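Visitor: Could you walk me through a structure, starting with a helix?
Guide: Gladly, here it is.

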Amino acid sequence: MKTKIFKGLIIISILFFIGINMFHQQTREIFKDSVCTFLNFGNTHNEIINKGSEDKKMIALTFDDGPHPRFTPKILDLLKEYDAKATFFVIGKHVEAYPEVLKIVAKEGHEIGNHTFSHIDTKQTSSIKVEEELKKTQEIIFNTTGIKSKVFRPPFGFYNSQIIDIAHKYDCKIVLWSPHQDAKDWNYPGVDNIVHQVLSKVQNGDIILLHDYVEKDCQSIEALKTILPELKSRGYKFVTISELIKNL
Ligand SMILES: [Zn+2]
């Protein structure tokens, strides 16, 4: 009798486990990238960085999808004004088109991260193509600035074990962002919303996700005019990703 109950419990557990996995798979299919990113945050890959140490009042501002002559120089001027260092996750094809902009980013002491050559959706792309895009962008960054990028941010924040292996092959750490620090500035939520999103939830060690290239107006430029002085007055120091995670 006891054996039958035991067997029954094992079968129920297996079915439950399969069901949960199928649901998880379906959820990934149905929802868009941002939700996949959210699901990723639940994973326990300790190779994935989405925050720095909570002991110090340090913050890493990150700007994705540039460089671009319309927006990046304005952001650089604001960073300089508030003595802030940041990290720019660049698209290889934008570096190819605007190498002079990236040279200024490097010269002003900011970190440069790899964000693939053409902003591919890594979830829908073969590992061969992902590696090709990562490698090509590493080379373009190096040929433009002499810098070997050490951080990789997959577009839409999607990763899996193959992407982790590829990043490691090129000595890159995968860096996402703090889950509460995605103001979705690419979707034009308004300057006040971006400011509120960043300031209301800020914590030590945050990695803040913003963009220095969007199709229309880059609202983050105006938002930074409030965010930078406010966080500085609260005692935060703005550092690069490598500086933020140095003692993790
Ligand atoms: Zn991006």
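Guide: In helix H7 (residues 161-169), Ile-163, Ile-166 and Ala-167 are buried, where buried is 20 or more other C-beta atoms within 10 Å of a residue's own, exposed is 12 or fewer and partly exposed is in between, with C-beta atoms placed from the backbone. Helices (H or I, at least four residues) and strands (E, at least two) are DSSP runs, numbered from the N terminus. This is a predicted model, in which local features need pLDDT of at least 70, side-chain atom pairs count only at pLDDT 80 or more, and totals for chains, interfaces and linings use all residues. Residues are numbered from 1 along each chain as its sequence is written.

Visitor: What comes just after H7?
Guide: Asp-171, in the loop between H7 and E6, takes a positive phi of about 55°, and Asp-171 is exposed, with 11 other C-beta atoms within 10 Å.

Visitor: New topic: where does His-119 lie?
Guide: His-119 lies in the loop between strand E4 (111-114) and H6, and its phi is near 55°, again a positive value in a residue other than glycine.

Visitor: Is His-119 exposed, partly exposed or buried?
Guide: His-119 is partly exposed, with 17 other C-beta atoms within 10 Å.
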